[in-house]
Amino acid sequence: MDRNARTAMLAVIGVVSMGGLGFASVPLYRVFCQVTGLNGTTQTADAAPGAVQGKIVTVAFDSNVSKDMPWQFAPEQRTERAALGARKMAFFTAKNLSDKPVTGTATFNVTPDQAGKYFSKIQCFCFSEQTLKPGEEVRMPVVYFVDPRIADDPDASSVQEITLSYTFYPVDSGKKPS
């Protein structure tokens, strides 16, 4: 194989490799964030390990809606105290203010960022799309716990308050709901 053919083949391999890496980067980044808690990404779990006596954090709840989302959305409580490892449940209410059905999806994060890998959700409305009929109001639960291992992490052990924040967006962001 001559030098030009080898160079062309290496260029093609490079382009295909970079395209594949670009295609795979979003799912790989998502997995990386879920494993490490980077950028406040929370964890999922099947059950809470059980409360640790004397170890309490305050969990604050924040809610937002996209400017294109005709919903009211708010936590029923702004804060609650949670023992590390204890199963807790919080409720959010959402109301469709439009005269049409609207489907939304919630994105979420936890601050401070270092608490993300210790904040686990067992059940959450954010795991699936939510459709509300015109004028419909619903209560949506999130079941969670703060992993007791947070107390052993030198970067996170001083965390006294964790904020769980949600933002709802319309599923079809190409169309503006009325």
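**Sheet pairing and aromatic contacts**

In this predicted model, strands S5 (residues 88-96) and S9 (residues 137-146) pair in the antiparallel sense, with eight bridges between them. Within this pairing, phenylalanine 92 has methionine 140 of S9 as its bridge partner. Both strands belong to an open sheet of five strands, whose order is S1-S7-S9-S5-S3 and whose pairing is mixed. The edges are taken by strand S1 (43-44) and strand S3 (71-75); each has a single partner strand, so one side of each lacks a neighbour in the sheet.

Twelve aromatic pairs were found in a search of the whole structure. One of them joins phenylalanine 73 and phenylalanine 125, whose ring centres are 5.9 Å apart. The planes of these two rings stand at 75 degrees, over the 60 degrees required, and the pair is therefore edge-to-face. Phenylalanine 73 is part of strand S3, whereas phenylalanine 125 is in the loop between strand S7 (119-124) and strand S8 (130-132); the contact therefore ties together parts that are 52 residues apart in sequence. Both phenylalanine 73 and phenylalanine 125 are buried. These two residues also belong to one aromatic cluster, formed together with Phe61, Trp71, Phe92, Phe108, Phe119, Tyr144, Tyr166 and Phe168.

Technical notes. Residues numbered from 1 in each chain as written. Predicted model: local features only at pLDDT ≥ 70, side-chain atom pairs only at ≥ 80, totals over all residues. Heavy atoms only, no water. Pairing = 2+ DSSP bridges. Helix = DSSP H or I, 4+ residues; strand = E, 2+ residues; numbered from the N terminus. Phe/Tyr/Trp six-rings, centres within 6.5 Å; stacked < 30°, edge-to-face > 60°. Buried < 20%, exposed > 50% of the residue type's maximum accessible area, 1.4 Å probe, protein only.
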